[in-house]
Amino acid sequence: MLDIARSETSKPRRRLPNQRWQIYPQKAEFAQKLAISNHISPIVSQLLINRGIETLEAAQAFLEPESLILPAPLEEFPDLALSVELLQNAIASEEKIAICGDYDADGMTSTALLLRSLRALGAKVDYAIPSRMHDGYGINKRIVEEFHSEGVGIILTVDNGISAVEPIARARELGLKVIVTDHHDIPQQLPPANAILNPKLIAESSPYHGVAGVGVAYILAVSLAQQLGETRGLIQPMLALFTLGTIADLAPLTGVNRRWVKRGLQLLPKSHLPGIQALIQMAGVQAREQGDKGTRGQGEGGAEEQGSNPKSKIQNLKSLKPEDIGFKLGPRINAIGRIGDPQIVIDLLTTDDMGIALERAMQCESVNQQRQEMCEQIEQEAIAYVETEFITSLPQDRVLVVVQPNWHHGVIGIVASRLVERYGVPVFIGTYEDDTHIRGSARGIPEFNVFEALQACHDLLGKYGGHKAAGGFSLPAPNLAKMRSRLIEFANQCLEPQHLKPLLKIDTEVNFSEINHQLYQQLNTLHPCGIDNPDPVFWTPNVQVVEQQIVGKGHIKLTLAQTIEQQQYKIKAIAWRWRDYYPLPSRVDVAYKLRENHFNGNTTIEMELIGVRLPTQSHLFLSSSTRPLTTKFEYKQRHYTCGIFQQNSFPELRIKNSEGKVLVMQPGHTIGLLGNSREDAKEVDVCEPQYDSIIQAALQALSVLSSKS
């Protein structure tokens, strides 16, 4: 028999995604209990278990977040009462308030939320947002000095400020009062502000612990409005902005975020804010019917919107989905912060004039198209650079540090995320601001803490900040080599070789026969999905790729089929940005999310592929470790023998025809050998239909044999 060519010495002709699949342990008994008590499918019950639900009560609270009784924010945030008092006094004395925001979606929605609410409450308020190009992130001394010269009495930071010790110290020297509202990780030294609102300073068990910057702004604005007795007409516009910013910033959709975003998604389609309506129109987003319980139209702490009935159950509400914001509305806002003027978004979200709103939304659309083109170009350049310079050392380095001139640093963070997807390692990507300075972005993987990695390089960096999954930094260009060495050292301390494949967490196995509108409607009970409450990911083994073609900008459009008890079930699928993997093998295991497609008045359930691998028939290969499996089978009126044998401790499938020619392959490999002897064997792509079909026939024969024995 022939020895299979080892993957280290043979280069596959067709790439497949380089992934490690982690399938949650299945708890069928508890899932059945949950299913019965909550009148849901056992599939949905397993999803709840995967999200940390351990009791029937916890499941009830998750499925109906409005049933939870929340603590008052004033009890949770130590400086909230003082912040409200400072703003209340400023409004009463007509003292000028200035907001210092940030240029990402969270910072801009936070700024707009506080501008709208403070103006509605009678405050004299203005704002500034640091320039991404010239200032970088966060409040700085220049902005402080300008505020002082304009007669500002209170500075209110949003989505920044927790690390701004020197600028805030300068503000206090000049006699300004400062309220910091932020949600980023807590540094060793806190700034000398009058009041600090940051959910990372309160108990991890608090339902408010996961709010983003816009969540802190929302809590402050609602608390101030309640203190002044002026909540009427304010809560719903603020909730719309909260929802937009929270999802766009990838904040965890747990605790109050889950509760408030669920409300906000139902409010957004009928929001009275012209900017929201203009964005929805421009993005072509459509609200869908939700057979879900209605929300209470109230702010926390007892402030109800006028005319709402907290006990009403509104059926078939039209609602947006988180992906409408995450993939359609959010990017249009974020694009402005990345390569445009943030004032466009502030105008969009604060104007009451529909004409201005549509004009600003059109600007967002145009800038977002530019952003997409930039990302595509920089990504291709980055890949070419990595493949030339770093690909061979990547397993030893365990981190990518990619720095090139003439890239727009407003979009390199997006490119960093794509490189993480592609190579499965943490990515630090930067570009030169001038001959002597580099500015960059970082994105991590689950086993790697970006913020701690940056801290390990603190003496080499200028400014830096972030959290476990992402960060930003600047450094003198001469320090680049030392920074790369330091990051490689850090990565080697916390990463093992098995971590260097993108991790794909999969919830449960589903057959195509189980995918229908009823299941999809039940999945809505998990919404809103996002960080810490991810979209359900399913997998189905050994499906057939019936049709596939490239569409749009490198996406693969497919029809997949699964045969169950002689009945074939087909479903359409899309694989975003998978041009490199085209064409896919004719048989694969697939991992996917489910999506609704609305076209010509018809609604169908389709798949969004996020993972694919060769079918392993793993039970066969594992069983062969104790004894070889061999059998005979017939294929296209020809007789074959086949077996699974151990070769150098690796299982392999061998198929022999009547002329003595042998096809050999190993599970998960795309390249096998074909020939009468090792000397004349040639490499073949076992994914090609003529080989794949006979392999499937052999595995089927072996599977039948295995089930009998």
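Which helices do the buried residues of H12 pack against? They pack against helix H10 (235-248), helix H13 (322-339), helix H14 (343-350) and helix H15 (354-389).

This is a predicted model, in which local features need pLDDT of at least 70, side-chain atom pairs count only at pLDDT 80 or more, and totals for chains, interfaces and linings use all residues. Residues are numbered from 1 along each chain as its sequence is written, and side-chain values use heavy atoms, with hydrogens and water left out.

Select residues 274-283, helix H12. Helices (H or I, at least four residues) and strands (E, at least two) are DSSP runs, numbered from the N terminus. Eight of the ten residues of H12 are buried (under 20% relative accessible area, 1.4 Å probe, protein chains only). Among them are Pro-274, Ile-276, Leu-279 and Ala-283. Next, click Gly-284, which follows H12 and has a positive phi, near 70°.

Now move to the open, mixed sheet of five strands, ordered S9-S10-S11-S13-S12. Two strands pair if DSSP finds at least two bridges between them. S9 (400-404) and S12 (464-466) are the edges; each has a single partner strand, so one side of each lacks a neighbour in the sheet.

Select S10 (residues 427-432): five bridges join S10 to S9, and the two run parallel. Val-403 stands opposite Gly-430 in S10.

Contact means heavy atoms within 4.5 Å. Finish with helix H19 (residues 480-494), which also packs on the sheet, touching S9, S10, S11 and S13 (470-476).

Methods. Axes fitted to C-alpha atoms, helices over the stretch in contact; angles between N-to-C directions. Buried < 20%, exposed > 50% of the residue type's maximum accessible area, 1.4 Å probe, protein only.
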